[in-house]
Amino acid sequence: MRKLLEQVAPWLLVAVTAVAFYEVLEHLSWFVQLCKVALDTVFPFLVGIALAWLLDIPTRTLEERWLKNRSLSVLAVLAGVVLIIWLLIAMVVPQIQLSAERFMENVPAYLANLEELLNQLPVDIALDGTVVDALFSDWQTIWEEILTLIGNYSSNLFAYGKAIGNGLVTVLTAIVAAIYILLEKEQMVRQLKKVCHALLPTGGQRWLSKVYHLSDRMLTSFLAGKILDSAVIGLLSAVVLGLLRIPFTPLISVLIGATNIVPIVGPIIGGIIGGVILLLASPGSVPLYAILVLVIQQLDGHVIGPKILGNTVGLSTMWTLFAIVIGGELFGFAGMILGVPVFAVLYNLGAEFINGRLRKKEAAAQEQKNS
């Protein structure tokens, strides 16, 4: 009987899997909606876990080397984070606000500069002058239409306010969850170990321990390294663009640094946005800016990034893009960042499983050959 069950079990598993897969496809929209609702519900706690994971690095250092107390270490790290955020706000935000206000005030003049640039384009590109005149005939009208469009969208202030409120609730929930996780980390780990020991066999406990340590290494090294790398790139951009007197240096540098957190596509997006701002404000600065951004990105890709991050996640460019797209679709900007290390964990586990299966088949084939 046992032998019969062993023979039937694989086919039964295949049949159940096929039925489940068919049901998922049959009710795909409902299933996707259910997953999104579930993910939206737990999203603040996932962000809190990621934040706690990141802050646990300096917390452990303080606890082990100096303070010898978990609560004091957590308090010191939180105070340091608040101080850093306050310093950044005090130094950077006024400059960004000034740049943004100046940019918005001078939009008509920037559009006029763009018109002049288009009028001076070489004739050999066969640009029809009437097209330029039609596009840039009346800046005042264009600007008034933009303001009218903004006014129409402002009628949905309640919806925007609700979205902002939900975002604040998410942020506050994530921060509170991160603090509690940091404070009660050891107790939570002991409780999880106790549950795993009670419910799982020894092999399952070893597998979960492996997943935990792999996730810890991937998330910690990637998040810490990427934030440091982005800060270095933002500061380097500010210094270089400032020395060459590129307009809106604070605003563009912050954009480059912030978007650099997203692998591969982030630096491209930040560079393009900065280029569009300069195209309107100072078209003559665009070629020099494009060269500088390209040099900084190459320096980051081949020198700074590898030094800080190394081969942290071990994903190819295609799989990294896949993780960014899926993560962004599910969780927005945060998903684009966290999707890479999370997918790297799944990728490594899958690769280990496949390689293990292949080794077993090769060993079985070799044993059969020898017999």
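Phe-322 lies in helix α13, which spans residues 317-370. Helices here are DSSP runs of H or I with at least four residues, and strands are runs of E with at least two, numbered from the N terminus. The model is predicted, so local features need pLDDT of at least 70 and side-chain atom pairs count only at pLDDT 80 or more, while totals for chains, interfaces and linings use all residues. Residues are numbered from 1 along each chain as its sequence is written, and side-chain values use heavy atoms, with hydrogens and water left out.

Phe-322 counts as partly exposed because its relative accessibility is 39%. Buried means under 20% relative accessible area, exposed means over 50%, and partly exposed falls in between (1.4 Å probe, protein chains only). Phe-322 also belongs to a nonpolar surface patch with Met-318, Trp-319, Val-325, Ile-326, Leu-330 and Tyr-347. Together these residues have about 640 Å² of accessible area. Such areas come from the Shrake-Rupley method with a 1.4 Å probe; for residues, only the protein chains shown count as cover. Patch members have over 30% relative accessible area and no salt bridge; like charges are joined within 9 Å, and nonpolar side chains (Val, Leu, Ile, Met, Phe, Trp, Tyr) within 5 Å.

A salt bridge places a side-chain nitrogen of Lys or Arg within 4 Å of a carboxyl oxygen of Asp or Glu. Glu-352 pairs with Lys-210, with 2.5 Å between the closest N and O atoms. Glu-352 is partly exposed at 37% relative accessible area. Lys-210 is likewise partly exposed, at 37%.

The count comes to 6 salt bridges. Among them, Asp-56 and Arg-70 meet at 2.7 Å, N to O. Asp-56 lies in helix α2 (residues 28-67) and Arg-70 in helix α3 (residues 70-105), so this pair ties together parts 14 residues apart in sequence. Both Asp-56 and Arg-70 are buried. For Arg-70, the relative accessibility is 11%. Arg-70 also bridges to Glu-63, where the closest N and O atoms are 3.1 Å apart. Glu-63 is partly exposed, at 23%. Shared partners join Asp-56, Arg-60, Glu-63, Arg-70 and Lys-185 into one network of salt bridges.

Gly-167 is found in helix α7 (residues 157-183). Its relative accessibility of 31% makes Gly-167 partly exposed. The C-alpha atoms of Gly-167 and Pro-44 are separated by 9.6 Å, although the two residues are 123 residues apart along the chain.
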